[in-house]
Amino acid sequence: MEYGSGRLIDVREGPNVRLSFDGFKVKAGVGSWQIDGFAVRPDQDKPGLFDNVPKHAVGFWGVYGVRPLTKTITLDAYYLGLDRKTATFNRGVGHEVRHSIGARLSRSIAERNPGWDFDYEALLQFGTFGSANISAWTVASETGYRFPNVPLKPRFSAKADISSGDDPRTNTLGTFNPLFPKGNYFGVLATAGPGPINFIDVHPRVEATLPRGVTVSVDWIPQWRESLRDGVYSVPGFLIIPAGKSNARFVGHRPGLEVRWQANRHLWFQADYGIFYAGKFVKESQPGRNLNYWALWTGYKF
């Protein structure tokens with residue numbers, strides 16, 4: 001399943017093993033709205049062919065609607081529910097039942113004439129975690145400008161994102177859960193670097209289109225903790241560094257380079273390289289070291 005920009009639901013192709021679900025989905029058109037309703041469980045990958053089984057400890061359901069507002073502007077609105085029998089956050093382990101309500105407003109990237117594009121999204125979460133309540137949120141944005149009628153068709157953009165963290169002194173879990181995110185929306189270091197939980201980031205990016213279907217992009221992401229009493233998590237949601245050993249807010253920064261070649265309508269190749277420069281929080285919490293990351297990808301779509 002792929003919805004919106006992939007911040008919450010995506011197949012995670014590229015930065016992770018492709019994610020699939022077992023369940024059912026109903027699609028309907030209501031006026032200008034295209035609406036999906038679904039109830040699924042994520043698959044557990046097993047060696048072999050066609051033998052994956054659903055993960056019964058996790059349930060996922062929701063309603064997702066999309067409608068055009070103008071020729072270039074689109075509105076998404078959704079409700080998403082998540083039930084995890086065992087969930088781990090900085091404050092501990094418990095049964096998580098989380099509800100997410102959000103909306104997204106986007107304008108497509110310019111194709112013929114120079115122009116602005118944007119992608120703005122806001123989300124509230126509530127529910128229960130063990131005996132505690134859940135109250136979490138996130139606001140994400142991307143604003144860009146593309147010059148499609150000049151050589152290399154450059155696009156300059158900047159993302160600014162913030163998601164809530166927790167304060168374990170209260171009886172309310174404040175840690176945002178990104179559900180099943182795209183991963184490399186948050187940079188090429190998605191598989192190993194800090195993810196979109198308890199974070200604040202600024203993400204400038206420049207991309208260009210070369211001949212023969214080659215695109216190149218360069219970005220840089222400084223990142224901070226939103227709550228100083230919550231830790232740092234990976235993209236899938238695992239706790240990497242717990243809070244407590246450092247009161248620093250700065251997690252680190254990471255430049256990244258991505259080169260992609262669309263050889264034909266079916267076959268593509270991609271190379272990623274990124275560096276994570278450890279910030280004060282990482283260095284004070286553990287033997288923090290810089291991280292170099294590179295990856296080569298190829299794919300064939302029928």
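**Basis.** I worked on a predicted model, where local features need pLDDT of at least 70, side-chain atom pairs need 80 or more, and totals for chains, interfaces and linings use all residues. Numbering starts from 1 along each chain as its sequence is written, and side-chain values use heavy atoms, without hydrogens and water.

**Pro114.** I found Pro114 in the loop between strand 6 (92-107) and strand 7 (115-129); strands are DSSP runs of E, at least two residues, numbered from the N terminus. Pro114 counts as partly exposed because its relative accessibility is 34%, between the limits of under 20% for buried and over 50% for exposed (1.4 Å probe, protein chains only). Beyond four places in sequence, I listed its contacts (heavy atoms within 4.5 Å) as Tyr145, Arg146, Phe147, Pro148 and Asn149.

**Cavities.** I took a cavity as a set of points on a 1 Å grid over the protein atoms alone, where a 1.4 Å probe fits but cannot get out; lining residues have an atom within 4 Å of a point. Volume is the space filled by probe spheres set on the points, joined across faces, edges and corners. I counted three cavities of 30 Å³ or more. Of its 13 lining residues, Arg7, Leu8, Thr138, Ala140 and Phe176 are the closest to the centre. Strand 7 and strand 8 (132-146) each give two or more residues to this lining. The second largest cavity has about 50 Å³. Arg7 and Leu8 are among its lining residues too, as are Tyr64 and Glu121.

Technical notes:
Helices (H or I, at least four residues) and strands (E, at least two) are DSSP runs, numbered from the N terminus. On a 1 Å grid over the protein atoms alone, a cavity is a set of points where a 1.4 Å probe fits but cannot get out, and a pocket is an open set with protein on both sides within 12 Å along at least five of seven lines; lining residues have an atom within 4 Å of a point.
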